Amino acid sequence: MSLPLHLRSYREKSKDELSRDFFNAPSQSSLPGPSDPPSVVKLRERPYKNGQEELQGMDINAVISVEGKEEVYAGRLSLLPPFLCFISLDRKSCRCTIPLYTIRRVERLNSRAGVFALSLATWHGMRIILQLTSLLPTAEHFAILLRDALKSQLSAMKQLKPFLPSMYSEYLLSSPVSTAAGVQSTSDHLLLGTELGEKQTTTAVAHDGEGDLRGPGGEGKGIYQRGLGEHFGFPGDARKMRERSKMKLWREYFMIHGRNLTLLRYPPFQRLLQVGLPSRLRGELWEVMSGSVYLRFSNPETYGLLLSQNAGKQSQSTDEIEKDLNRSLPEYKAYQAEEGLARLRRVLVAYSFRNPELGYCQALNIVVAGLLIYMSEEQAFWLLEVLCDRILPGYYSPSMEGTLLDQRVFESLVHRCLPMIQEHFVSVDVQISVASLPWFLSLYINSMPLIFAFRIVDCVLAMGVKVLFQIGLAVLKINGEALLEVTDDGMFINLMRSYFATIGDSAHPDHPDPRVRAITNFQELLVVAFREFNVITDDTITAERRRLRAIISDEIEKFSKRAAVRNLKNIGRFNKEQIGIIYDHYFSAICSPEAGPSTYTGNALPGDQFDQPRIQVDAQGRVETRIDHRTFRVFLSQLATWAREETVTTNAFIQRTDRRVADHELIDRLFFAWDSQNQGTLSLQDVVLGLDRVMTAGLMESIEWFFELHDKDKDGYLTKDEVIQLSESLLFIFRNEPGDIYLAAVSKFILNAYDFGDATAPEGSVDEKVPINGDKETASGARERSNSSAGPHNLPYLNLATFRMVVLADELLENFFASDLTASFQLEQTGDEDYHQAHQRSEGLLGGLMNLVVTNENKNRLNRLADGFGAALGKHAEWRKPSLSKTSDQTISPSQSTDLRARESLLTPAQQAGQFQRQRSHSAVSTTSTKTVDSTETATPDEKRSLAQVEARYREESEMVKAAQEAVMHRPNFAIDAIGDSDDEGEPEGDDEGVMDEVEAFLKAHGADDEGLKGEQKKVANDLLTAEPMGKKKPTGDLVDL
Amino acid sequence: MSDETPVKAVQVKLVLLGEAAVGKSSLVLRFCQGDFNENTSPTIGAAFLTQKCRLENRIVKFEIWDTAGQERFHSLAPMYYRNAQAAVVVYDITKAASLEKAKAWVKELQRQANANIVIALVGNKLDLVSESSSTPATVTPAAQETETEGEDGEDDSAEESITPTPATESDDARQVPTAEAEAYAKESGLLFFEASAKTGHNVGEIFTEIAKTIPFDTITPEPATAQTGNRRSAGNHENNNVNLGEGQQAKKGGCC
């Protein structure tokens, strides 16, 4: 049983992280720094570690243009070290992520006054002109940051040369131009050629037909990274897919717009993407578009090391991988051969060791099998990391929360975009997820023919997860009429299955126009997805995820709670509800900040709380959540009154109880006593059985377990030392009891114990009951005596019967063991029901601000402030809450408790609770100011009246806050509601044309005009292309010149 | 075949649960296609299959959800066992831990699923242990009877299933004694079988017995529209019968 602990440490991404995600730029911390020795495999993203200073990033308005290209785009330039990123204002025409290590030269251009322009030259000579259009000081500041960032990448530049040959595009471009010309002529010929049939011929065509693309050397000459397809053939008919034309177009695109690490996305990119990437370039473009190539660049040895360091190791993941190898795209030839399976195994195993808390999830086998057709193992490995971490976060994790969340998001989008289908499905009680879950989990690879699925993968890797949603919605919309006749799961599944089976068929088989007839179901699907559902943006997905995450998290927690409780082998004498409460405390203790620094710290990353020993793998290879003794202290403090320090503070405004975890040897003793298997950690089962023993014990049983707890060697005797320790334990439990009767009782207990003990001790007096090996005991006893001047403190001394006698001799102790001790363990609800939703309620625009303000620190500050006022008014009081409920009812600090009671008559308990809550959820500022005003008022003699005012004021204010929060809560709904209405507006110009008619798209790819900048700005940009660099005296000129 | 009047097919939603690699998919494949394949198609979430089965005077159409066995897919299982009338909980008789997992599934089903759900506990991989060592699983005469009655000659799988497994292998592999599992099944009110998807032994009986146990009076017959509803204009096969999406032609009237 492993618990979904990571859900509680989830945090929304910061703005910087979001923009890195958008540009596929990995964070600096995931890239090795200069201080990391290369032989160490860096763990997955960790918070930035000491030693390396994070380079500062910056955003600025800019205009971009490239030599050899007319278009000029205005947009936002972001320095996200070690990357320079640009996105045009329309967020789609132009976009790029350039690693600084590919920039060879940066110069400030000498141009007209007021224009701050930089010229960037990449290693292969591409020139990019950036006009920084912000104010001059801002631009200069940006240039300085850019210079620093560039300098930090000098060492990385050296790695560029050995790295580049791994890219197919370099090989492609290095082949002579004459070959390219040859391609052109043959491709024309091929277009007219007869249609060849099925796969057998396809692979042959792919092999020799494209031989000339590899240049004179033929296969094996280039050392670029290649997938299985190079040997086993790529899926699909190379001719039908017009591989040659695509290849030629990409080659031309690379000549102008950069390639691999320096690839710029200009409008033709989108078209080339949507007609499907050419097989041989696909792997490289996947890693470039997803940004996984940057990880591969920066961690050149990681993959190999992961494999060599873990060679031969077995784990639950490796077992599971082994079972699935043979059912990963078994129809593809390479996976019927050992070579393909070996590659698949190595990538999955390496990743399971790289990311042990994720390990292996079914469906990854399909995804990776797909990737490996086009990519090398190392390429696929890094792309897998990007998929699991960023593109599909939480999809494959042990609780699969990302999958569950996105299924819910998808359902919600269906509800908004296709309400009729949604309503029908509700009425016939069919869940859309039964069909859509595998679509998302396997990126459609398992749902439709490979050649089409990979085109969807192309788009997902280029544009992100929203594509999965857009395609899914389009599938439902296209099948809308048939879906409305579905009456059960089975029909739904069969309908979807037959749709995907015919997805390569003509969408209009009976249309007179052959051009229309040529449009396939798949093309229609893409058009619908990208035209009608282009309103589904990254922001839509983010907003919906944010709205639904808490609900999903609560559901997962409840689900695992039910499962955990159900799977307990022995629940002792507890009932189900009590077990549920124990589970809640167990869980909340693990998530508690006091349980250890690795859990739930502000910026904890998902993996952190899995630090040992909270997760253990049992003999059968199952993962189990267990708690260490530090967590156990927190756990026990929630249940046992004596295992916590409770300070009740009252002042003029409020009564609050502060709880702290107590620390005493007694608690550790319990921990080790309950650790039945001596593992150093406790499972939920251990805890339940331990509690069962102490909470249901009668007088004699209580005396017995308490005795055993202190009998370390389990010989049935306490030593003198242990008698002392036992008394200390008693004193610890009694520490907060008022009066000195308990102290007296314990003193009497020690005296009696020694009296009786001397009479019955096995050593010294002849006692028939000594059950131990006399010789050995005497020997060790003698040694002890000689070693220690303190006397025989470590010898068996007091047995259980004597101990019982001593206890029963004292009425107070008798009562304690008869009822108080048992009663000191209390199963109270944690109030963690719907934890995530309760915490989300304070989110939103205003709530988010409040969350920032109402940190624990501020709360404490507020409390201190209140205490200060209280003290000034003479109303401040603090007292320790006694542990034993019995005595707390009686006489404790009379003055204070009457004070307390007086207040209680003013505020009913419910109001008190409400007030406390409000204090927590208010922004500190407003509450403090209220309090300041109130405190002067409270100084008036009539305290009753002023308290009533405080109360009223709180209530008023809380209404306002509530209203504001409600308003905020509704906001995302508006944003989404718009989706249904906006079906008809703003179609992406040009894009769908490219999809509708691929041939036309190819022709257009050259001369299509896209919305760049016009007129003056364009002229400036063009001027800059010919401008001379400024002299070296200029501050930012000649940043890096190699 | 004996009954002449057209009988309505009664739909039964059945879900397969159990630890990973106990042979859930293989059992279904054997039942639906009479086939055994070492490399079954991958299960993501759940695979969906259908199979018709004639029982006395009615035709039962099983809609089978074959769920993924990996632990992390557990939280998705309710989606599939929701509204199920029958469940087959599978364990591997050569792996003691798999029975524990099966028991957990049974508990979950009894608490979370339909109140009237019929649950069958199936110990798979009987072919890995010798025949002599264990008493063959309970095959009631009635079940045999139904089977032989079963209509046309397409029941090669059933035929196969009657042939005894060769008792060549040693019994070392068995970790779950028949008696132990059977006692548990009886105590929990489950149907119990030991079967082999590889040889087909007892596979048909599982489904026949389930069909006989389900209280059909409470199940509404399949609506007539359902048969025509799932046709699409784009040339698509009839899929009111077995169709594994493996490109295999749908079989007619396959029966157990």
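Predicted model: local features only at pLDDT ≥ 70, side-chain atom pairs only at ≥ 80, totals over all residues.
Residues are numbered from 1 along each chain as its sequence is written, while chains are lettered from A and ligands numbered from 1 in the order in which they are written.

**View 1. Overview of the two chains.** Chain A has 47 helices and 15 strands, and chain B has 8 helices and 6 strands; helices (H or I, at least four residues) and strands (E, at least two) are DSSP runs, numbered from the N terminus. Along its sequence, chain B follows the pattern β-α-β-β-α-β-α-β-α-α-α-β-α-α. Buried residues make up 43% of the 1042 residues in chain A, and 50% of the 256 residues of chain B count as buried; a residue is buried if 20 or more other C-beta atoms, placed from the backbone, lie within 10 Å of its own, exposed if 12 or fewer, and partly exposed in between. Among contacts in chain A with a separation of 6 or more, residues 24 or more positions apart account for 73%, and in chain B 77% of the contacts between residues at least 6 apart in sequence join residues at least 24 apart; two residues are in contact if their C-beta atoms, placed from the backbone, lie within 7 Å.

View 2. E6(A) and E7(A) form a hairpin with 4 residues between them, and A:Gly125 in the turn has a positive phi of about 95 degrees.

View 3. UniProt, in an unreviewed entry, lists residues 276-464 of chain A as "domain: Rab-GAP TBC"; UniProt positions are given in the numbering used here, feature names are shortened, and annotations may be inferred rather than shown by experiment. Over residues 276-464 the chain is 68% helix and 0% strand, with the end C-alpha atoms 16 Å apart. The axes of helix H12 (residues 302-309) and helix H14 (residues 338-354) of chain A come within 9 Å and cross at roughly 85 degrees, the axes being lines fitted to C-alpha atoms over the stretch in contact, with angles that run from 0 to 180 degrees between N-to-C directions. H12(A) and H14(A) are therefore roughly perpendicular to each other, given that angles under 35 degrees count as roughly parallel, over 145 as roughly antiparallel, 65 to 115 as roughly perpendicular and the rest as oblique. A:Tyr303, A:Leu306 and A:Leu307 of H12(A) make the contact with A:Arg346, A:Ala350, A:Phe353 and A:Arg354 of H14(A). By class, this contact of H12(A) with H14(A) has 5 nonpolar, no polar and 2 charged residues; Ala, Val, Leu, Ile, Met, Phe, Trp, Tyr, Cys and Pro count as nonpolar, Asp, Glu, Lys and Arg as charged, and the others, Gly among them, as polar.

**View 4. Helices H31 and H36 of chain A.** The axes of H31 (residues 699-710) and H36 (residues 811-823) come within 8 Å and cross at roughly 70 degrees, so H31(A) and H36(A) are roughly perpendicular to each other. A:Leu699, A:Ser702 and A:Ile703 of H31(A) meet A:Phe817, A:Ala818, A:Leu821 and A:Thr822 of H36(A). The residues of the contact of H31(A) with H36(A) divide into 5 nonpolar, 2 polar and no charged.

View 5. Most residues other than glycine have a negative phi, and most peptide bonds are trans. The peptide bond from A:Pro81 to A:Pro82 is cis, with omega near 0 degrees, and A:Pro82 lies in the loop between strand E2 (72-80) and strand E3 (83-88) of chain A. A:Asp429, in the loop between helix H18 (419-427) and helix H19 (433-441) of chain A, has a positive phi near 60 degrees and is exposed, with 11 other C-beta atoms within 10 Å. B:Asn202, in the loop between strand E6 (191-194) and helix H7 (203-213) of chain B, has a positive phi near 70 degrees and counts as buried, with 25 C-beta neighbours inside 10 Å.

Methods:
Pairing = 2+ DSSP bridges.
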